[in-house]
Amino acid sequence: MSRLRTIAPAIGMVLALSGCASATPTPSPAASTAATPAATTAPAASAASPEASATTAPSQAAAACTDSGKFKGANVNILTFNGPQIAEPLQRRAPDWECLTGGHVNVVAVGFQTIYDKALLDASTGTNAFDAYVFDPQWLGDFVGPGYLLDLTDRVQNDPQLQWNDIGPFFRDFNATYNGKVYTIPLDGDFHMVYFRKDLLDKDGVKPPATWDDYISIAQKYQGQDLNGDGQPDYGSCIAKKKGAQSYWWIISVAAGLLQGKGTNDGAFFDTSNMNPLFGQNEAMTKALQLYKQTVQYGPPDELNMDVGGTRGLFTTGRCALTMDWGDIGTLTPGTYAQDKTGATVTPGWKQVLDRSSGKLVPCDATTCPDAVDGVNYAPFASFGGWSGAINAAAPKDNQDAVYDFLSYMSSPPISGVDVTLGKTGYNPYRASQFQNLQPWLDAGLSKDAATNYLGAIQATLQNKNMVLDMRIPLTKRYEQDVLDTALAQYLAGELDEAGTEQAIADGWNQITDEAGKDKQLAAYVASLGVQR
Amino acid sequence: MASSGSAIQGVSRRASTTLGAWRSDGAARWLFIWPTVLVILFLSLFPLLASLALSISTLSFHKGGVDLKLVGFANYQQLLFGLERSHFLGVLKTPNPVGWAIVGGTAALVAWAWIRAVRRGEVGPFGLALRLIGGILGVGFVYVLVQALASDGGRPGSLIVTLIFVIAGIALQYGLGLGLALLAVQRVPWRRFFRIVFLIPLTITPVGVGYMFLMMTDTSKGPLEPLWVALGLRNFTWVTDPWLARAAVIVGDTWQWTPFMFIVLLAALESLDQEVAEAATVDGAGRWQSFRHITWPALLPVTTTIVLIRLIEGFKIIDMPNILLGGGPGTATQSMTLQAWIDWNTLNLGRSAAVAYLLLVLVTVVATVYVSFVRRRVTELA
């Protein structure tokens, strides 16, 4: 008895501490999906034959494999997301590259929530177990400052395989560049769009949503109707609102058109003059929160617990009239109920915008929203940015060369041109050549109309001068995935009202800013918006 | 002379034997015990001290290392009194009448116990002072609980949510485990088969259980969707109501951990002396009387042990609330470990360590109180 009394606290101490070291995988941001075919680790045949990528047959490159190669003996480790998307094309293509070069690639795939801390701790502690990281370019602020990443500026400019200038200017400048230097090779292009049931809207003579009010009207119209002929009522809108998943990104898309009206350099997160959070107490945020909560009424009953895997599954089975997503929906529809029934459009805008000095909403005009179309201020959100490969500055030189070549190979037009058409990769288009050649899209199962519509919506988004850049300053993950995500979840669950939510976000963000140094954060934010587009 | 010589030889032999034994014990101590002790000390103390250092620091990165900047108790201050208080302790409001009654009752109970200890004179002045401090802290803690749970507009934070998971979960797991053990110990057909079936949940990784319950509670497209539709619950959801969401977590946790209670209690039941129960039956005791007066007291020692183990383990709950609900809706199912993990993921290591330390304090206090009060009385009863 007395012995038990003595050891109980000790047992408690050890077990309690060990419990806090455990980690649990969490659904991904841009790549999680229930509708995606299972990934394969089989080598792909070639960039020109996407069908073969799903087979286990040896690739042509593998058949032509020789013992010699420019990276013979090199063994590189790459850390990335375990999707199964994102890691899938790296794993599938690695054997082909190995045959071509003699090197060896080991893809270490982990849960989305652990990539950031694993990569940062790997570099900061000098462990350097990884030669490269395929991660979120939003995190460059945390990696570039301490010098953890290799400057790739000269390499990408002189790499015929990569064809740097074929990559869209936005992705070259946003995903890849930080403080004027190139640190990553884009493998994916990410931004939000709204997808709608084109067959239904065409039949009813309804135009795709131009404003968020239109979005609500359409969602309301189709809520409770049978949209896929199974005799069961379906949903007007499906947006992934689960805490710890993607919910906080959608609210940025909803709020963006109210917060940023004067082009990308205006910024949508902080006032660029004083670093005051725009996601704070103002009429724009109140309106955005109210609309976001209103969409819950037209969604599935458990929408608050749904990540994109859930909403994609519902949309592709025909159960939602509208959804908001990255580019993945377009490549996931072939073979599903939504095939050739899906349309895509730029995320809706607003006819008002925030006057930052007063915190009030003012009508859009030539001064407040110079790029508005028909009075609507569109501000498509480059959420996440797209998975990109960065090289560890402390990796051995031979490994740096080898892993650079592999990332360049993955991004090269013949390879990426096919991978972006496959839903299982989680990669979305980001190169000019991927918009010019429709054939890979047709090979992937999209009809000509669907491919044209999908690529047209992407191009319209990329050409928008008021595109909103995702936050990309030190401690970005804390601003968005901790403070914003938690406050938003509390708002949706009714724990906080609009004012309380805005207060919680502003207080949390200000605390992080003060901790990191206000001047330093402001300089980083302004620099992150200085993208030449 | 001869006797003197043999005495010397005897002393010498004893000394030699003692020396040999000492050498043998000493060697054994150094070879077998100390390495183990050192490893355990290292594995226990190093994380303990490193976590303590982290909890009073903030972390920043530079090339070739990290900077730890000491910030005193700022991380603890944030959690207990600052911006994070609503997430950690909860939203605390003035108790309603029921809440005040609970606080008053607890205070009266503590006062009565302390006065009784004074009157009996069994405890010295130091012990009495400690009990007084412990009692005041206990009443204060109950007051915090009541402010969050029995008040208008109050809401529990991760600390109280964790306690709810632990207390409700263990109570359910023990009740079900005991019931299943009592069934499995009977001589019924397929007894061995059911024993194995009952154990299966324990063998599944908690993340897997989390995903399984995520699918089962999905009312719009999960495998049980036809069932929800047939029951007219198509638009029913677990996830928008805080208490239903917590119930879903407790159900999942109970499904996984009931087998642990079951298997230990089954072993205890099978080891009971059947002759006593048979004698009671012969003397006319019914099944309930036999259980109440013979089986239950015999199970009490093992009961207290398995409850203590589950108590300590239960405080670390993370997989189920994270996979099933992401800690939502809002922060309704956010446990302390999940809160620490979220901080860890955003590399807010200082606050993560502070949450872990507060969890350590909570587990230590609860385990100590449990062992001091519950087990003693249970053993006396047994």
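## Ground rules

This is a predicted model, where local features need pLDDT of at least 70, side-chain atom pairs count only at pLDDT 80 or more, and totals for chains, interfaces and linings use all residues. Residues are numbered from 1 along each chain as its sequence is written, while chains are lettered from A and ligands numbered from 1 in the order in which they are written.

## Chain A: two domains

Chain A splits into domain 1 (50–190 + 385–456) and domain 2 (193–383 + 466–529), with bounds from an automatic or database domain assignment. Their C-alpha centres sit 28 Å apart. The contact (C-beta atoms, placed from the backbone, within 7 Å) draws 25 residues from domain 1 of chain A and 24 residues from domain 2 of chain A.

Helices here are DSSP runs of H or I, at least four residues, and strands are runs of E, at least two, numbered from the N terminus.

## Chain B: helices and spread

Chain B has 15 helices and 4 strands. Its radius of gyration, taken over C-alpha atoms, is 27 Å, well over the 21 Å from the globule rule for 382 residues, so chain B is more spread out than a compact globule. That rule is 2.2 Å times the number of residues to the power 0.38. Along the principal axes, the C-alpha atoms fill a box of roughly 105 × 75 × 55 Å.

Methods:
Two residues are in contact if their C-beta atoms, placed from the backbone, lie within 7 Å.
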